[in-house]
Amino acid sequence: MAFFIQGLSKKETFYLTKWMIETGRKIDLSDISGPKIDKHSTGGVGDKISIILVPIVASLGVKVPMIAGRALGHTGGTIDKLESIPGYKADLSIKKWKNIIKKTGCSIISQTDEIAPADKIFYSLRDATGTVESIPLITASIMSKKLAEGIEGLVLDVKTGKGAFMKKKKDAENLAEEMVWVGKKYGVKTIALLTDMNTPLGRYAGNSLEIYECIKFLEGEEIKDLKELTFTLGAYMLYLGKKVKGIDEGMVMMEKVWREGKGILKLKEMVKAHGGDIKIFENPEVLKEAPYYKYIKADKEGYVEEIDAYKIGLCARELGAGRFKKEDKILPLAGVVIYKKQGEKVKKGDIVLKIQTEDRKRLEKAYELAKESFKIGKKFKKRKLILGIIK
Ligand code: URA
């Protein structure tokens, strides 16, 4: 709480990160061949990028040893999403984790008692005590687990906007600079992309709903924002891993592998290695079927001027996709489906959003939040998704 209120100097943040790393083991991945490169996002709504990015990049020969987080505040977490796949085990021993990386080229696990355990403790406490939006605490949280992984390169997706922890671009830049600086001090090639999080990524926010969208994307469905961000982050990972000479070549490689369907095969392989039920790949529709739902319709004609990522995130958490208290159980099928994205045309009576859950009592409050989360107007100004890069 004191760090949150007072802030820390750059040097203090470095030592906090260092000591958090030293609460656990630093992993030696030198017995695994190939470049070891990871990615991490500072948190967003509908941010399922890791789940589609990791298998594509791993198909291109970069090893991805990823430690990811759970839902934090109004944002979703990669681990909660993966655990919505029946059987998927995210808390593996280091030995098992390394074996999966050796065999499949990638593995996504949760914070463990062996790797930066302080982050595991702080992370859930910060969620419950409202101490999430802090540059030193985010830096130490992300960089302690990433630097303990034994990687050579790291690509960060630092988000800014309504649905991000850093609402202002300047704060996001400062966060990115601090993380890149800490990474480099540890001898890890680190770069950060600054990206927009005013509106959710893709059309789904919620755990199994997002796994559904990842499967559809990897099967070849064009989803513009997911594609732009995934391919750009992936191109930088390939570049840091010396698989390509430049970002343009990386983008071409990402597109090629995605079109060939190698990403979906690799995701299946990774899910299987983690004990997940791969029958969901035969019938992903089951990932969308929640017993209780409501539609929110347009009350006039026009363009969707805004879908507010923060409000959609709050709504998804209210439905059961996130936690209010540390012990809260996630409802895998809970979440929001965005029928009309920002910039799309609507007629009066068109469905804009669907909210769904496994607990009927949660629908009412979420419905009020959902109604407030979008605006229909006369025109729409397109925003850029990728705002800058910090190296
Ligand atoms: N992701 C993390 O791992 N930690 C944070 O504090 C925020 C996002």
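User: Let us begin with a single residue. Is Lys-242 buried or exposed, and why does it count as such?
Analyst: This is a predicted model. Lys-242 counts as exposed because its relative accessibility is 69%, and the cut-off for that class is over 50%.

User: Where is Lys-242 placed, and what is its phi?
Analyst: Lys-242 sits in the loop between α10 and α11 (247-260). Its phi is positive, near 60 degrees, in a residue other than glycine.

User: What about Ala-116, and what is its phi?
Analyst: Ala-116 has a positive phi of about 40 degrees, although it is not a glycine. The residue belongs to the loop between β3 (106-110) and α6 (117-129). Ala-116 counts as buried because its relative accessibility is 0%.

User: Changing topic to the helices: at what angle do α7 and α8 pack?
Analyst: Helix α7 (residues 135-148) and helix α8 (residues 169-185) pack at about 35 degrees, and their axes are 10 Å apart. The crossing in which α7 passes α8 is right-handed.

User: Which residues make that contact?
Analyst: On the α7 side they are Ile-135, Ile-138, Thr-139, Ile-142, Met-143 and Leu-147. From α8 come Asp-171, Asn-174, Leu-175, Glu-178, Met-179, Val-182 and Gly-183. By class, the contact of α7 with α8 comprises eight nonpolar, three polar and two charged residues.

User: And how do α6 and α7 pack?
Analyst: Their angle is about 145 degrees, with the axes 10 Å apart. The crossing of α6 and α7 is left-handed. Asp-119, Tyr-123 and Arg-126 of α6 meet Leu-137, Ile-138, Ser-141, Ser-144 and Lys-145 of α7. The residues of this contact divide into three nonpolar, two polar and three charged.

User: How far is Lys-10 from Leu-265?
Analyst: The two are 255 residues apart in sequence and 42 Å apart in space, C-alpha to C-alpha.

User: Now the charged pairs. How many salt bridges does a search of the whole structure find?
Analyst: The search finds 38 salt bridges. One of them joins the side chains of Asp-113 and Lys-120 at 3.3 Å, N to O. Asp-113 counts as exposed because its relative accessibility is 62%, whereas Lys-120 counts as partly exposed at 34%.

User: Are Lys-146 and Glu-149 buried or exposed?
Analyst: Both Lys-146 and Glu-149 are buried. Their side chains form a salt bridge at 3.5 Å, N to O.

User: Which residue does Lys-341 pair with, and where are the two in the chain?
Analyst: The side chain of Lys-341 meets that of Asp-225 in a salt bridge of 2.7 Å, N to O. This pair links distant parts of the chain, 116 residues apart: Lys-341 is in the loop between β9 (335-338) and β10 (345-346), and Asp-225 is in helix α10 (residues 224-240). Lys-341 and Asp-225 are both buried.

User: Which residues are linked in a network of salt bridges?
Analyst: Lys-48, Lys-81, Glu-210 and Glu-213 are linked in such a network.

User: Stepping back, how is the protein divided into domains?
Analyst: It is divided into domain 1 (2-282) and domain 2 (290-377). Their centres, taken over C-alpha atoms, are separated by 25 Å. In the contact between them, 27 residues of domain 1 meet 29 residues of domain 2.

Key
Residues numbered from 1 in each chain as written. Predicted model: local features only at pLDDT ≥ 70, side-chain atom pairs only at ≥ 80, totals over all residues. Heavy atoms only, no water. Axes fitted to C-alpha atoms, helices over the stretch in contact; angles between N-to-C directions. Helix = DSSP H or I, 4+ residues; strand = E, 2+ residues; numbered from the N terminus. Left-handed = near helix turned anticlockwise from the far one by under 90°. Contact = heavy atoms within 4.5 Å. Nonpolar A, V, L, I, M, F, W, Y, C, P; charged D, E, K, R; others polar. Salt bridge = Lys/Arg side-chain N within 4 Å of Asp/Glu carboxyl O. Buried < 20%, exposed > 50% of the residue type's maximum accessible area, 1.4 Å probe, protein only. Domains from an automatic or database assignment.
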